[in-house]
Amino acid sequence: MVTFLAGGTGTPKLLRGSKPVFAPEETPVVCNTGDDVELSGVLVCPDIDTVLFSEGGLLDHETWWGIDGDTTATHAEIRRLTDAAGLSGGPRYLPPEAQTSGRDIARYRRFSGVGEFMELGDRDRAIHVTRTGLLDEGNSLTEVTETLADALGLERPVLPMSDDPVATIVHTDEGPMHFQEFWVARRADPDIERVEFRGAEDAEPTDTALAVLDAPVVIGPSNPVTSLGPMLAMDAFRSALESTPVVAVSPFVEGRVFSGPAGDLLAATGHDPSTTGVAAAYPFADAFVLDDDDGTDLDRPVVRTDTELGDPEDGLRVCRAVREAFEAIDVGVT
């Protein structure tokens with residue numbers, strides 16, 4: 001068994017086309033939940049859902065978000081009503097006292113549905129409604145995610161990193177804001193001062209997540225700060241990675257990031273915005289997969305390939321490089 005860590009779109013892209021190298025039923029994915037938000041009364045888990053939709057053959061591969069061909073009638077009507085009422089469209093972060101009331105897992109990530117600053121598709125919303133209903137019935141996020149994966153016909157196990165609330169808060173020159181407000185609503189425009197993983201000091205990885213971390217681990221080309229940071233902020237999770245073989249795929253080509261605000265976020269956390277900075281952020285990683293054009297000299301084994309991802313053929317190529325990286329540290333994964 002090999003376990004993948006997922007945040008954003010990097011790991012879903014890596015896993016697309018990976019079946020000849022990593023059998024889905026033997027390669028669970030542990031997903032970041034720091035990006036989750038409660039919006040319009042439902043819990044939205046973007047990183048979990050991207051894996052669920054990708055593995056279930058539903059993902060919109062143009063946007064790498066939501067369900068392919070989904071409609072947005074409900075979202076459009078919410079926006080129309082907001083405009084007609086003369087209300088600001090948000091993001092409308094609920095007041096502090098509302099952040100700590102209600103379902104505990106939504107703590108510090110509650111937004112009003114007025115204006116609905118994140119576009120939710122109609123079929124996508126059905127997932128969130130079902131998830132939230134099952135949580136309100138007393139199920140854990142792990143149990144709910146397994147139920148949704150079964151409903152979508154997945155072979156690959158999909159696991160949240162924790163059943164406890166961890167909220168990624170970006171502190172900026174305009175004040176603190178949840179990562180989704182910073183990234184979706186503000187398009188990463190405010191200057192970053194620091195990043196906080198609120199709740200991580202009290203959160204624990206699930207027993208299920210810790211169990212699969214006993215296997216060799218692959219870190220996909222995800223944002224080291226906002227995708228992996230919430231996981232690493234939990235001491236037990238980081239300790240598990242320090243005790244198992246880990247191969248990481250860099251989301252950089254030297255100082256150029258493939259997508260997203262990883263460079264600015266790494267710099268804000270005191271790391272160089274480059275492959276060198278990623279290696280410093282992952283001291284527990286035993287080997288790396290880098291792009292052919294990345295000449296970074298690391299103190300650990302490196303396998304190089306074309307790390308551009310998008311098509312199934314790309315995922316297959318990079319997964320073969322991941323397997324080669326495990327072989328370089330004498331770990332058999334076939």
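Hi everyone, let me start with a lining: in the second largest pocket, the residues fall into four nonpolar, six polar and five charged. Before going on, please keep in mind that this is a predicted model.

So what else can I tell you about that pocket? The second largest pocket holds about 230 Å³ of space. Its lining is made of 15 residues. If you want to find the centre on your screen, look for Leu15, Pro24, Ser54, Glu55 and Arg156, which lie nearest to it.

Now let's move to the largest pocket. How much space lies in the largest pocket? About 1,200 Å³. Here 44 residues form the lining, and those nearest the centre are Thr9, Thr63, Trp64, Trp65 and Trp183. By class, we get 17 nonpolar residues, 17 polar ones and ten charged ones in this lining.

Which helices supply at least two residues each to the lining of the largest pocket? They are helix 1, at 10-15, helix 2, at 46-55, and helix 7, at 179-185. Helix 7 gives the largest share, with four residues.

Strand 3, covering residues 37-39, runs antiparallel to strand 4, and three bridges join the two.

Definitions and conventions: Residues numbered from 1 in each chain as written. Predicted model: local features only at pLDDT ≥ 70, side-chain atom pairs only at ≥ 80, totals over all residues. Heavy atoms only, no water. 1 Å grid on protein atoms, 1.4 Å probe; cavity = no way out; pocket = protein on both sides within 12 Å on 5 of 7 lines; lining within 4 Å. Points joined across faces, edges and corners; volume = space filled by probe spheres on them. Nonpolar A, V, L, I, M, F, W, Y, C, P; charged D, E, K, R; others polar. Pairing = 2+ DSSP bridges.
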